[in-house]
Amino acid sequence: AGAGDSTGWAKLDRFYTVRKQQLTVITGTPGSGKSVWADALVMNLAQSSWEWKFAICSPEMQPLERHWAQFFSLAAGQPFSKGPTQRMDRETLRQTKEFIHDRLFMVLPEEPTVDAVIEKFLWTHRRHGVGGLLLDPWNEMDHSRPNGMSETEYCNRELRKIKRVGWNYGVWIGLIAHTTKMYRDKDGKYPVPTLYDINGSAAFFNKADNGIVVWRDKSNELLPSEVHVQKVRFQEIGGLTGDSPVKLRHDKVTGRYWETVDW
């Protein structure tokens with residue numbers, strides 16, 4: 001198998017491309033923008049090909065209307081809400097809703113256990129042929145585990161279930177997971193976390209086919225966000241892990257990310 005599909009950011013494609021039947025774990029410190037970046041990635045893929053339709057499970061992003069508005073802005077490149085920037089007109093909104101209606105589907109069971117999310121996802125997959133599932137975040141799902149089972153054993157078991165869905169049904173799975181509490185360095189900055197810093201278990205590093213960390217210097221909002229590709233299981237889809245991070249500038253009005261000129 002060759003490289004996956006473009007992320008929509010040419011510089012990032014040298015490190016990571018998107019291939020179905022793989023689990024990509026995305027993490028970052030609170031407020032780093034990992035969820036916003038993952039939504040932008042989903043939209044880039046949805047706009048690139050009819051093959052990319054997504055089911056999205058996002059217990060944190062409630063009410064759903066707020067999340068839909070975010071996707072409308074991403075798709076149109078114009079704000080959905082009133083503000084200092086010209087918001088999208090009615091016709092643009094109509095076209096955007098029509099586009100999104102066929103490509104993005106929210107799945108949110110009342111009790112968001114891994115099993116319940118998989119069941120909802122498979123129903124959506126059978127009905128709409130989705131090619132991707134974004135779980136955001138792992139930490140907001142219901143993780144009651146049997147007595148006597150360690151957190152690592154539990155994480156391994158549940159991540160295996162998720163990977164099996166991706167493999168058996170030919171879908172890409174993106175899983176966002178929060179880190180443990182990170183501490184500032186002597187300069188007052190949070191360090192760039194790793195997949196081993198995810199709250200719960202080293203299973204996230206071990207089970208992931210690909211691992212991505214989104215980071216930004218919160219002491220200076222003018223600096224771009226950084227996307228660090230920390231793991232790629234199959235080198236043909238990217239493979240330049242460990243090189244300098246890819247810097248992307250975030251447009252808060254539309255949610256989009258743009259490649260920066262070299263800093």
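1. A cavity here is a set of grid points where a 1.4 Å probe fits but cannot get out, and a residue counts as lining it if one of its atoms lies within 4 Å of a point. The model under discussion is predicted. On that basis, the largest cavity is lined by Arg184, Gly188, Lys189, Tyr190, Trp215, Arg216, Asp217, Lys218 and Ser219. Its volume is about 50 Å³. Sorted by class, the lining of the largest cavity holds five charged residues, two polar and two nonpolar.

2. Searching the whole structure turns up two cavities of 30 Å³ or more. The second largest cavity contains about 30 Å³ of space. The residues lining the second largest cavity are Gln21, Gln22, Leu23, Ile162, Lys163, Gly166, Ile173 and Asp209. Helix 6 makes the biggest contribution to that lining, with three residues. Three of the lining residues of the second largest cavity are nonpolar, three are polar and two are charged.

3. Helix 6 (residues 151-169) also packs against helix 5 (residues 114-128): the two axes come within 10 Å and cross at roughly 10°. Helix 5 and helix 6 are therefore roughly parallel to each other. From helix 5, the contact uses Val114, Asp115, Ile118, Phe121, Leu122 and His125, which meet Glu158, Lys161, Ile162, Val165 and Tyr169 of helix 6. The contact of helix 5 with helix 6 is made up of seven nonpolar residues, three charged and one polar. Ile162 of helix 6 is in this contact, and Ile162 is also among the residues lining the second largest cavity.

4. The largest pocket holds about 650 Å³. Its lining comprises 34 residues, and those nearest the centre of the pocket are Val36, His250, Lys252, Gly255 and Tyr257. In terms of class, 15 residues of the pocket lining are polar, 10 are nonpolar and nine are charged.

5. On the helix 2 side, Val36, Asp39, Ala40, Val42, Met43 and Gln47 meet His67, Gln70, Phe71, Leu74 and Ala75 of helix 3. The contact of helix 2 with helix 3 has seven nonpolar residues, three polar and one charged. Val36 of helix 2 takes part in this contact, and Val36 is one of the residues nearest the centre of the largest pocket.

6. Helix 3 has a further partner in helix 4 (residues 90-101), with an angle of about 105° and axes 10 Å apart. Helix 3 is therefore roughly perpendicular to helix 4. Trp68, Phe71, Phe72, Ala75 and Ala76 of helix 3 meet Thr92, Leu93, Thr96, Lys97, Phe99 and Ile100 of helix 4. The residues of this contact fall into eight nonpolar, two polar and one charged. Phe71 and Ala75 of helix 3 touch helix 4 here, and Phe71 and Ala75 also take part in the contact with helix 2.

Methods
Residues numbered from 1 in each chain as written. Predicted model: local features only at pLDDT ≥ 70, side-chain atom pairs only at ≥ 80, totals over all residues. Heavy atoms only, no water. Contact = heavy atoms within 4.5 Å. Helix = DSSP H or I, 4+ residues; strand = E, 2+ residues; numbered from the N terminus. Nonpolar A, V, L, I, M, F, W, Y, C, P; charged D, E, K, R; others polar. 1 Å grid on protein atoms, 1.4 Å probe; cavity = no way out; pocket = protein on both sides within 12 Å on 5 of 7 lines; lining within 4 Å. Points joined across faces, edges and corners; volume = space filled by probe spheres on them. Axes fitted to C-alpha atoms, helices over the stretch in contact; angles between N-to-C directions. Parallel < 35°, antiparallel > 145°, perpendicular 65-115°, else oblique.
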